[in-house]
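Subject: Structure for you to look at

Hello,

Please find the structure below, with the sequence alongside. My notes on what was found follow after it.

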Amino acid sequence: MPDTTATLSDRRPATAGSLRRRVWAVQIGFGLLAVVTCVVAPLIGPTSISLSRVFDGTIPFAENVDAQIFFIARLPRAIAGALVGASLAAAGVVLQALLRNPLATPFTLGVSAGASLGAMLVITLGVPLTVLGSAAVPLASFAGALGALAIVYFLATMRRQGLSTLVLLLAGVTLNSLFSAIILFVQYLADPAQTLQSVRWVMGNLDVGSYRPILWGLAPIGLSFVAFARLPRALNLLTMGADSAATRGIDVLRTQRLAFLSASLATGAAVAVGGPIGFIGIIVPHLVRLLVGADHRLVLPASIGLGAAFLVICDVAARTLLSPMELPVGVITAMLGGPFFLWLLVRNR
Amino acid sequence: MTVMNRRNTAFVASVLLAVSAALASGLASGPASGVASGQARPERIVSVVPALTETLFAIGAGDDVVGVGTFDTHPPEVATRPRVGGLLDPDMEQIFALRPDLVVFHGSQQDQIEQVTRAGIDTFTYVHGGVDDTLTVIRRLGARTDRQADAEQLAASIEDRLAALRTRLAGRDRPRVLLVFGREPGSLRNVYASGGTGFLHDMLEAAGGENVFAELPRESLPLTSEAILTAAPDVIVELTYDERMAASSQASEIAVWDRLSSVPAVRDRRVHLLLGNQFVQPGPRMADATEAIARALHPDAF
């Protein structure tokens, strides 16, 4: 497994210029990968559509089936997939560095379980369907994510001045179990049709059908990405340990706070948009480290690009393999991710 | 490793769902099982299957029903009987305490069936299938409870009403229909529709509609929105068992379909939301449910 606890930048005396060139190369390369995937994905699907008809402005949209398939059934899915994939991959990188644990995922700290609980409650209680024009399920899951985030953060900071990553980890894992138990209880009380819907929600679904959920998700995810952009150098030092980072002039507490809050916010928004789609946050960062090394100035942008591309591709498979049936995208990522994860574990020995 | 548990749960759930779907489609082809004949009329019946509880009351065995399932709502008298759990959580202790001489189970409740059988109590197992299977189950239940005449009358009246419906609608254009029985509230995600087999498909055909997914031999299809756009149904009939859904909620649920404006059903305002568990539980009210679907599809025929 790539050694996340050592920073290459300290061992390898790369000049500032060559590092900057590599950062640019990685950003452009993986950025292009994500963009190309997003452009190509809507062209692929079980129905053959004519592109000239899709963009033919003379046909009213309400009568243009090709355009509706392209703009309702495919393009929003690609954009949502890119957004969710990038967020989960980036959150994985940040949390693995923050917790100094290569097995950490965006779902380790209870945020996704909180999001799931929110969604379950809306699905089973049948709460009023729309709030401010947006469907209630994504909003409730985002609220659940924020709730979990607040609880974990409060627990990790209440005991002493700093932010204890140990408490963070333990509180997160415990909250995961607790929320999972509550979810099971809620599902148990629900009637079978609602249980089916809530079980299905957990498998992830990017068939957003409109751009509104994407726009809702964009604000918190954008905010997180602004924070991510400030983190890489500090994360490099943080992976060596808090004390060591402090001696090098890093404001450890501020970095930890920023890392936890931004990663959790991105995760919460991603889960609200697409459901708790697993394994992206662990496969992508590790794959990226195999490709570009362990320097977070490279790992973070590369993971964002690869995470976006990977989930968009998985989602194309989700909507085409069993067409007209939907194959849950979380099942695809888990089936690819599970074996990969095991291979990483074995490879480490 | 709680980290893994989260993912495992999703994975196991998906595998379970796939397996149960496979089982359901396999079982649906051979429903009638566990017929016991030549037995005395049972006097203390427990039923955890909503459709069969309702059938028991409909064939005059209601007074003998001493325990019902969690999800039983029809007829209203079931409210006066003790609840003994449902498909996933039958309370065996309570079932035994009611001292039944017949217990009606779902075919999938194998463990419970074995327990009750071991205690020397008879069971009646139910596996749902198409409309014909439902009629067979009604007659079997009549035979088992020694109420053949009432059961025959109920089954025959359903058959007659469905036949009358076919006659009434003969020669009319059959609209292409998408029959939806589940989706995420307030969105078009996780839409479940009827494939070309099972009682929902049969009811739709009897109601004078042509199922857009008739050629797919499955009872339930989780659909992509692309599949709905491509299928381009003339009518969308959406079933929900929430009988008390507020009118405003109904309107906003129907409005959710508006974004698929190229679908003829949406364009022509032929999206219908039908409320009530008679649409999703194949039982004595099957003819009512089929007629209601027919009225939605052919408003000018009534």
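In chain A, helices α6(A) and α12(A) cross in a right-handed sense. Please bear in mind that this is a predicted model. α6(A) covers residues 136–158 and α12(A) covers residues 252–274. Their axes are 8 Å apart and the packing angle is about 155°. An angle over 145 degrees counts as roughly antiparallel, and α6(A) and α12(A) are therefore roughly antiparallel to each other. On the α6(A) side, the contact is made by Pro138(A), Ser141(A), Phe142(A), Ala145(A), Leu146(A), Leu149(A) and Tyr153(A). The α12(A) side includes Phe260(A), Ser264(A), Thr267(A) and Gly268(A). By class, this contact of α6(A) with α12(A) has eleven nonpolar residues, four polar and no charged.

Now to chain B. This chain has 302 residues, of which 50% count as buried. Its secondary structure consists of eleven helices and ten strands. Take the contacts in chain B between residues at least 6 apart in sequence: 59% of these join residues at least 24 apart.

Chain B is divided into two domains, with domain 1 running over 45–166 and domain 2 over 172–301. The C-alpha centres of domain 1 of chain B and domain 2 of chain B are 27 Å apart. Each of these domains puts 17 residues into the contact between them. On the side of domain 1 of chain B, the elements giving two or more residues are α2 (50–58), α5 and α6 of chain B. α6(B) gives the most, with six residues. That side of domain 1 of chain B is made up of eight nonpolar, six polar and three charged residues.

Are the residues of α7(B) buried or exposed? Phe199(B), Leu200(B), His201(B), Asp202(B), Met203(B), Leu204(B), Glu205(B) and Ala206(B) are buried. What covers the buried residues of α7(B)? The cover includes helices α5, α6 and α11 and strands β5, β6 and β7 of chain B. Just after α7(B), Gly208(B) takes a positive phi of about 85°.

α11(B), part of that cover, packs against α7(B) at an angle of about 55°, with the two axes 8 Å apart. α7(B) and α11(B) are therefore oblique to each other. Their crossing is right-handed. From α7(B), the residues in this contact are Met203(B), Leu204(B) and Ala206(B), and from α11(B) they are Met286(B), Ala289(B), Thr290(B) and Ile293(B). Six of the residues in the contact of α7(B) with α11(B) are nonpolar, one is polar and none is charged.

Last, the two chains together. How many residues of chain B are in contact with chain A? There are 39 of them, and they meet 54 residues of chain A. The elements giving two or more residues to this side of chain B are α1 (2–28), β8 (220–223), α8 (225–231) and α9 (247–255) of chain B. α1(B) has the largest share, at nine residues. By class, the side of chain B that touches chain A has 17 nonpolar, 13 polar and nine charged residues.

Regards

Note on methods: Residues numbered from 1 in each chain as written. Chains lettered and ligands numbered in written order. Predicted model: local features only at pLDDT ≥ 70, side-chain atom pairs only at ≥ 80, totals over all residues. Buried ≥ 20, exposed ≤ 12 C-beta atoms within 10 Å, placed from the backbone. Helix = DSSP H or I, 4+ residues; strand = E, 2+ residues; numbered from the N terminus. Contact = placed C-beta atoms within 7 Å. Domains from an automatic or database assignment. Nonpolar A, V, L, I, M, F, W, Y, C, P; charged D, E, K, R; others polar. Axes fitted to C-alpha atoms, helices over the stretch in contact; angles between N-to-C directions. Parallel < 35°, antiparallel > 145°, perpendicular 65-115°, else oblique. Left-handed = near helix turned anticlockwise from the far one by under 90°.
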